[in-house]
Amino acid sequence: YFSMVLQALVDHKGRFTNINVGWPGKVHDASVFRNSGLFRRLQEGIYFPDHKITVGDVEMPTVILGDPAYPLMPWLMKPYTGALDSEKELFNYRLSKCRMVVQCAFGRLKGRWRSLLTRSDLSETNIPIVIAACCVLHSLCESKGETFMVGWEVEANRLAADYAQPDTRAFRRAQRDALRIRE
């Protein structure tokens, strides 16, 4: 079987407001993002209305939150990396808490539509359509306050373990070893 990337923008209520689906699972998240319509609209400044707030003496635009794989942009905040002082650690902690909404949205999506976690016999052209439909239905369910049973997510996690992606930690360890050797 093969995997497919679902990249989504999630609002503060766990609803998908923008999705990009169809890239092969081996494509890096940052590459998918840079080639998306969302990236182009954010870069052109047309995705969000021109709404800013002032925090202290800094004018703050509306931003999206990403993990370290994404580029730091005026409209995309990501965690600090490397050696961190206590202020940067606190920023990362708060950013992580905000990003939990995204993690929960994906968990609930998989809990509602467990077929997303198993091998599909659909064609590569139909799979993105089904995934997109599941995202739309998920957002509709969240908007309408439809019941979500905790057991659904437990079952989804069990199914996901059967189709686990390759462990990239081994690759990262190998890269660290290679860096030490090169240095």
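**A walk through the fold**

Start at the N terminus and read along: the elements of the protein chain come in the order β-β-α-α-β-β-β-β-α-α-α-α. That makes six helices and six strands. Keep in mind that this is a predicted model.

Now for the overall picture. The protein chain has 183 residues, and 27% of them count as buried. Its accessible surface comes to about 12600 Å², with 56% of that belonging to carbon and sulfur atoms. If you look at contacts with a separation of 6 or more, 53% of them are between residues 24 or more positions apart.

Let's go inside. The largest nonpolar core is made of 11 residues: M4, L6, V10, F16, V21, A105, L109, I127, I131, C134 and C135. Four elements, namely β1 (4-10), β2 (16-24), α3 (86-112) and α4 (127-144), each give two or more residues to this core. Helix α4 has the largest share, with four residues. Zoom in on C134, one of the core residues: leaving aside residues up to four places away in sequence, C134 touches L109, W113 and L116. Apart from this core lies another one, of 10 residues, including L38, I64, Y70 and M73.

Finally, have a look at the second largest pocket, which holds about 200 Å³ of space. It is lined by 14 residues, and the ones closest to its centre are G45, F48, P49, P61 and T62.

Terms used:
Residues numbered from 1 in each chain as written. Predicted model: local features only at pLDDT ≥ 70, side-chain atom pairs only at ≥ 80, totals over all residues. Heavy atoms only, no water. 1 Å grid on protein atoms, 1.4 Å probe; cavity = no way out; pocket = protein on both sides within 12 Å on 5 of 7 lines; lining within 4 Å. Points joined across faces, edges and corners; volume = space filled by probe spheres on them. Buried < 20%, exposed > 50% of the residue type's maximum accessible area, 1.4 Å probe, protein only. Contact = heavy atoms within 4.5 Å. Areas by Shrake-Rupley, 256 points an atom, 1.4 Å probe, with all protein chains shown as cover. Core = buried A, V, L, I, M, F, W, Y, C linked by side-chain atoms within 4.5 Å.
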